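Welcome, and thank you for taking a look at this chain with us. Please keep the sequence and the 3D view side by side as you read.

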Amino acid sequence: MKDKSENPGFFFTLQEAASILRVSTRSLIRSIESGELHGSKVKGKWLLTRKSIFAYGLGFGPRLNSIQKHELEQLTG
C-alpha cells in the first residue's frame, strides 16, 4: 500500500518543496517574491512544479540556458 505522505504528482506545496530542498518555507516565499523561483498561488496555497524545484535546488535560477534545460530534462524525465 502506498504511503499517503508521498507526493507522486507534478505539483508540490510550499511545505513539500521546503522539505525536499531542506530550506524554510519563508526562504522559498522570498525566492518566489524576488523571481528566483516560479510558484503559483491557487486557492491561497503556493504550488510549485517539480521542474522549478529542481532548477532552484541546482542553482539555475528562473531562466535556463540550453545546457541547464537538458540537465533538468535528464533529472525530471
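## Ground rules

A residue is called buried when its relative accessible area is under 20%, exposed when it is over 50%, and partly exposed in between, using a 1.4 Å probe and protein chains only. This is a predicted model, in which local features need pLDDT of at least 70 and side-chain atom pairs count only at pLDDT 80 or more, while totals for chains, interfaces and linings use all residues. Residues are numbered from 1 along each chain as its sequence is written, and side-chain values use heavy atoms, with hydrogens and water left out.

## The chain as a whole

Let us begin with the overall layout. The chain has 4 helices and 3 strands, where helices (H or I, at least four residues) and strands (E, at least two) are DSSP runs numbered from the N terminus. Their order along the sequence is β-α-α-β-β-α-α.

Of the chain's 77 residues, 25% count as buried. The accessible surface of the chain is about 5,700 Å², and 53% of this belongs to carbon and sulfur atoms; such areas come from the Shrake-Rupley method with a 1.4 Å probe, and for residues only the protein chains shown count as cover. A contact here means heavy atoms within 4.5 Å. Among the chain's contacts between residues at least 6 apart in sequence, 42% join residues at least 24 apart.

## Where α1 meets α3

Helix α1 (residues 14–21) and helix α3 (residues 50–57) have axes that come within 11 Å and cross at roughly 35°. These axes are lines fitted to C-alpha atoms, for helices over the stretch in contact, with angles running from 0 to 180 degrees between N-to-C directions. The crossing of α1 and α3 is right-handed, a label used when the near helix is turned clockwise from the far one by less than a right angle, with anticlockwise being left-handed.

Which residues make the contact? From α1 come Ala 17, Ile 20 and Leu 21, and from α3 come Ile 53, Tyr 56 and Gly 57. By class, the contact of α1 with α3 has 5 nonpolar residues, 1 polar residue and no charged ones. In this scheme Ala, Val, Leu, Ile, Met, Phe, Trp, Tyr, Cys and Pro count as nonpolar, Asp, Glu, Lys and Arg as charged, and the others, Gly among them, as polar.

Two residues of α3 deserve a stop. Ser 52 lies in helix α3 and is buried, with a relative accessible area of 9%. Leaving out residues up to four places away in sequence, Ser 52 touches Leu 37 and His 38. Ala 55 also belongs to helix α3, and its relative accessible area of 6% makes Ala 55 buried. With neighbours within four places in sequence set aside, Ala 55 is in contact with Phe 60, Gly 61, Leu 64 and Leu 72. Between Ala 55 and His 38, 17 residues apart in sequence, the C-alpha to C-alpha distance is 9.7 Å.

Now for helix α4 (residues 66–76), which holds Gln 68. Is Gln 68 buried or exposed? At 17% relative accessibility, Gln 68 counts as buried. Not counting residues up to four places away in sequence, Gln 68 touches Phe 60 and Arg 63. Leu 75 is in helix α4 too, but at 47% relative accessibility Leu 75 is partly exposed. Leu 75 and Phe 54 are 21 residues apart in sequence, with 8.2 Å between their C-alpha atoms.

## An aromatic pair

The structure holds 1 aromatic pair. The ring centres of Phe 10 and Phe 11 are 5.2 Å apart and their planes stand at 90°, so the pair is edge-to-face. Rings of Phe, Tyr and Trp (its six-membered ring) pair if their centres lie within 6.5 Å; planes under 30 degrees apart count as stacked, over 60 as edge-to-face and the rest as tilted. Phe 10 is partly exposed, at a relative accessible area of 44%, and Phe 11 is partly exposed at 46%.

## Positive phi in two loops

Most residues other than glycine have a negative phi. Arg 22 has a positive phi, near 60°. Arg 22 sits in the loop between α1 and α2 (25–34), and at 77% relative accessibility Arg 22 counts as exposed.

Lys 43 has a positive phi as well, near 50°. Lys 43 is placed in the loop between β2 (40–42) and β3 (45–49), and with 83% relative accessibility Lys 43 is exposed.
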